[in-house]
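I opened this notebook to record what I looked up in the structure.

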4 protein chains.
Amino acid sequence: MSENPELAALVAACHWIGQKGWCPATGGNMSVRLDEDRCLISESGKDKGSLHQDDFLRVNIADNHVPSGRTPSAETGLHTLLYRRFASVGAVLHTHSVNATVLSRVEKSDALVLEGYEMQKSLQGQHTHLDRVAIPIFANDQDIPALAARVAAYADTQALRYGFLVRGHGLYCWGDDVAQARRHLEGLEFLFQCELQRRLLEAK
Amino acid sequence: MSENPELAALVAACHWIGQKGWCPATGGNMSVRLDEDRCLISESGKDKGSLHQDDFLRVNIADNHVPSGRTPSAETGLHTLLYRRFASVGAVLHTHSVNATVLSRVEKSDALVLEGYEMQKSLQGQHTHLDRVAIPIFANDQDIPALAARVAAYADTQALRYGFLVRGHGLYCWGDDVAQARRHLEGLEFLFQCELQRRLLEAK
Amino acid sequence: MSENPELAALVAACHWIGQKGWCPATGGNMSVRLDEDRCLISESGKDKGSLHQDDFLRVNIADNHVPSGRTPSAETGLHTLLYRRFASVGAVLHTHSVNATVLSRVEKSDALVLEGYEMQKSLQGQHTHLDRVAIPIFANDQDIPALAARVAAYADTQALRYGFLVRGHGLYCWGDDVAQARRHLEGLEFLFQCELQRRLLEAK
Amino acid sequence: MSENPELAALVAACHWIGQKGWCPATGGNMSVRLDEDRCLISESGKDKGSLHQDDFLRVNIADNHVPSGRTPSAETGLHTLLYRRFASVGAVLHTHSVNATVLSRVEKSDALVLEGYEMQKSLQGQHTHLDRVAIPIFANDQDIPALAARVAAYADTQALRYGFLVRGHGLYCWGDDVAQARRHLEGLEFLFQCELQRRLLEAK
C-alpha cells in the first residue's frame, strides 16, 4: 500500500485536520478511491490526527464489504455512496468542526447558502463571489443507510457538489483527488467561520 | 513508577491539556487509580503542561492520606470521592477551560443539558444524538470536603456519569482509564464550545 | 535570486502568514519590489504557507508582463498599481483572514475607521491613539483591471496609506520594505480582531 | 548578564508571550529588577517573541537614565514607577492582547471587576472566588510621565495590586519575580477572556 501517493496525501491531510482540531475525540472518517470498485477508508475509533497508512481498510464500493473483516468507520456507506454516484470523486473527508456543527443547527432551512465571498472560488468551478453556493443540510440519523438514501434521493433531483452538512454532526466534502478535497475542506471551513461571525455581528 | 503505563498515559494527557490551554496558571489537577485503595494525583502548584511522573503523589483513596508527606492538590478529596464511589473509575481529569468556566456561570440551572449533537457519542454508552446528556453544575466552594459532600449526595439519588461542572471554576471528568477520560474531556470541551457558540447565535 | 534579502524576508513572511491562517486554500498573493521597473510576485495557485523563492515570478511594473511566461497571481494588477503609484512601496501583502473578510462586509460604509487604539501606532507615521485611521473598503470585482482603476481613482483624490480592504475578499497592505509591510499586516489584523470583538460587545 | 536567572526567566516568558500572540507588531515591553536602584528593560521596537538577553537595557529606577545611551521602551517610566513604589515588585510585563484591549474600552467605568471566578486565586493573596478583584483602567495617554503621575496618584489612595489596564492599549502586570508576574499575566488573560465571553452571552 505504501506506493499509493493518494493514500500518502490522505494520511498527511488527516494529520493536518487533527492539528486544525476538526476531528476531535476520534470522530470523523476519511477515504480515497483505489479504482472503480474499491476505496480505502479509515478504521473505526482511531484518532484522525495520528493515522497511519495501515489504519485504512479496503472496502467494496458496491456493497460496503470489507474483505479483511476489520471494522471500517460506521459511516462507510456515505463514502461509498459518493464514489458510486460520482465517477469523478477521488477522495472524501468527513470532519467534525465546531463551526460546521453549530451552523448546521442554527440554520433552520435545508441549506447553508454562501454568497458574496471571494473564497467561494476555492470550490472547483466557482468563478465569482456573485454566485450562490448552497451546501445542503441533512437531518442527522444514526441509521446510516437511511441517511445515505436521503442523500441519494437529493442527488437524484439536484446538483450535489463539494459537500453537505449533517445537522449537529459535521461536514462531508470531497474532490477529484485528495488535494482538491482538502482545498474544498479548507475553503468551506473558512466560509463557515466567516458566516458564523457575520451572523453574530449582523444579529441574524 | 516508570513501568506504570497508565501514569505514562496521564503524563502525556497532561502535556496535551497544557497545549490546549485548558489548565492555565498552574490550575487543574489530574489523577489515575493504582488499585482499589490508592491513586496517584498531581502535586499542588505545578504547571500541568510540563508535569513529570514524579510530580504525582500516592494518596490513600479512603482518607486522602499522603504517605510521603508531600502536598497533593487541594482538591484531592474530589478525586478520591470518585474513586471510592465508582469502582470502574480509573482516571480523573480536572481542567479549567474558558468555555467550561463561562458556560457554568451563564447556565443558571443546576445542569448543562446537551442534546442534538453527534459528538455526544464520544461519551461512553451514548449511542444517539437524540438523547439528553445532563452535566450537573455544582456551586463553587473553597471548602472541598463540603463540595465533595454535595457531589456525593447528588450521586446518592442520580446517575453521575462522565463529568460535572463547578460553577465559575471548571470541569471534572473521568473514565475507566486515561484514554477514556481523555476522550470524555475532548468530547465535552467540543460540546461546550458548540453550546457556547450556539447560544450566542440563537441569543438564548 | 537567492542573494535577495528582501525576497528571503518575504518567503519568511509567507510562512508566518500561513501559520496564522491568513491565506487558506491557496488564496492571497505576495510581492516585493526589485527596482523601479520590476517586482517579484507569487505564482498562482500555490499554498502561501509553503512558498519557496522560486515560486515568485518577475513582473514588469509598467504592464504586468511576465518575461518567463509563467502565470502570476490573477491579482497582479493590484500589486503593480501600488508600485507604480507609490515609489516608496517596497512590498505588498494580500491576505484572506476571517476578520478582514467579515468586517469588510459588516461595515456598510466605504471605510473601516479605527480610532482609540494604541496599536494604531504600529502603522508608519501614526503617533497617537487619538487620530482616526480610515482603511478604505472597495467593492469586490472579478475584473481586476476595473478594480485597480477604482483604487487608482481613489488615490487620485485621497491619501491611500497602509492598506485597503476588498469587500468579502480580504486585505491589501504594504510598506517600504517587507518588515514594515509585515508590521502593518500584524497591526491591522490585530485592530480588525479588536474592532470585531468591540462591535459584538457593544452590539453596534 | 548571562548568569542572571531572572533575566533568563524573563526571556523565556517573552517567547511564551510571543507564542500567545499577546505582543503583536513589536508592541509591549518587559522588565526585571536588578537591585534596589536598577532594572533591565526591553529595547524599543523589538519583536517580543524573539528577544535575547542583550536586547535588555540597564535603567536607573530613580530617573529612567540609561547609562549605555541605547533607547529603552517609550514606556519605561511606568515600569520604574512600579519598582520605586513597591519594593516587592521584581518583574513587570506589559502586553497588548485583543481581550485586554477590547475589555478596557467596553468597560466604561474606571475598573474591571472580576468576581465569581476560581481563577482569581491565581493572583497572589486571593483565596476565594467570592472576593472582588478590581483591575483599574486608566485612560490612554501618549504622555507617559502624565500617565505615570495618574497611576502614582491612584496608588496614593488605593491598593494597586497585580496589574492595571490602559484603555484601548493593554495590560501592565507584575509580581515578586518573573514566575509570579507570568502567573498573574496568565491568570488575568484567562479572566479577561472569560469576562468577555460572559458579557457576550449575558448581553450585558
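**Entry 1: a helix pair in chain B**

I noted that α3(B) passes α5(B) in a left-handed crossing; a crossing is left-handed if the near helix is turned anticlockwise from the far one by less than a right angle, and right-handed if clockwise. The model is predicted, so that local features need pLDDT of at least 70 and side-chain atom pairs count only at pLDDT 80 or more, while totals for chains, interfaces and linings use all residues. Residues are numbered from 1 along each chain as its sequence is written, chains are lettered from A and ligands numbered from 1 in the order in which they are written, and side-chain values use heavy atoms, with hydrogens and water left out.

Helices are DSSP runs (H or I, at least four residues), numbered from the N terminus. Two packed helices are described by the angle between their axes and the distance between the axes.

**Entry 2: chain B with chain A**

I found that 21 residues from chain B and 22 residues from chain A take part in the contact, where contact means heavy atoms within 4.5 Å. About 1800 Å² is buried between these chains, and carbon and sulfur atoms give 65% of that area. Buried area is the accessible area (1.4 Å probe) that two parts lose on being put together, summed over both. B:E118, B:F190 and B:L201 supply 34% of the area that chain B buries against chain A, more than any other three residues.

Which side chains meet in a salt bridge? They are those of A:K108 and B:E202, at 3.0 Å, N to O. A salt bridge is a side-chain nitrogen of Lys or Arg within 4 Å of a carboxyl oxygen of Asp or Glu.

**Entry 3: other chain pairs**

Chain B and chain C do not touch, and their nearest C-alpha atoms are 10 Å apart.

Note on methods: Helix = DSSP H or I, 4+ residues; strand = E, 2+ residues; numbered from the N terminus.
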